Amino acid sequence: MTMDNHGLQKQKSELRAKIRAALEKFPPERRAADSTKACALLRQKPVWQSAQSVLLFASQADELHVWPLLDAGIAAGKIAALPAFDIGSQNYTARRVRRPHGNEIVSGHFGIREPSKSCVEIPLDHFDLILVPGIAFDLRGHRLGRGKGFYDRLLAEVRGVKCGIAFDGQIVEKIPAEAHDVRMDFILTPTRCLEIAG
């Protein structure tokens, strides 16, 4: 690891710690209300309405809750999928979900909800819209992940519109970016849905 890279990783770690500390103080009722607002806002946007296939994610406790969009997408006739971790390759794949409240959903490798192996796998480059979790985003479309690189590898494979999902407090002025980092096309928060200029 070069000194420059070491410095970059240190900056990212410090920013992760700062954002996580702020999220821990976020009241559950505010988290729920903001999640509802963000989901409603996205459903009004052409980027959601025109998408025939959507890759969503199962929110963790500190993330904006987007599960209602899975139900909404399926009800609207969209192909809706969630990431599923493949232990052999140590990468995420995507599997279609048709009944999100049945036995299709299991607890995955990291304790995160994901589709069971009975669900059909969909190639990552087949999605019109990808909803992307993150610890933080900036308004140039850069994303700060959890530091393991799993989602970075998934994002390198997708071809659709990438929409970063976050609470307003997770939007920062600047995220230290590396050449391989994949930028978002949109950023969605409870109060705004911003298209990132190319």
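What share of the contacts in the chain with a separation of 6 or more comes from residues 24 or more positions apart? Please then describe the open sheet in detail.

Modeller: This is a predicted model, in which local features require pLDDT of at least 70 and side-chain atom pairs pLDDT 80 or more, while totals for chains, interfaces and linings use all residues. Residues are numbered from 1 along each chain as its sequence is written, and side-chain values use heavy atoms, without hydrogens or water.

Residues 24 or more positions apart supply 67% of those contacts, a contact being heavy atoms within 4.5 Å. The chain contains five helices and twelve strands; these are DSSP runs numbered from the N terminus, with helices (H or I) of at least four residues and strands (E) of at least two.

The open sheet has seven strands, ordered β3-β2-β1-β6-β9-β11-β12, with mixed pairing; two strands pair if DSSP finds at least two bridges between them. β3 (91-96) and β12 (193-195) are at the edges with a single partner strand each, so one side of each lacks a neighbour in the sheet. On average, neighbouring strands of this sheet are turned by 25° against each other, direction ignored; axes are lines fitted to C-alpha atoms, for helices over the stretch in contact, and angles between N-to-C directions run from 0 to 180 degrees.

Within the sheet, β1 (residues 53-55) and β2 (residues 79-86) run parallel and are joined by three bridges. Ser53 lies opposite Ile79 in β2. Helix α5 (residues 150-157) packs on the sheet, where it touches β1, β2, β3, β6 (129-132) and β9 (161-165). The direction of α5 makes about 60° with that of β3.
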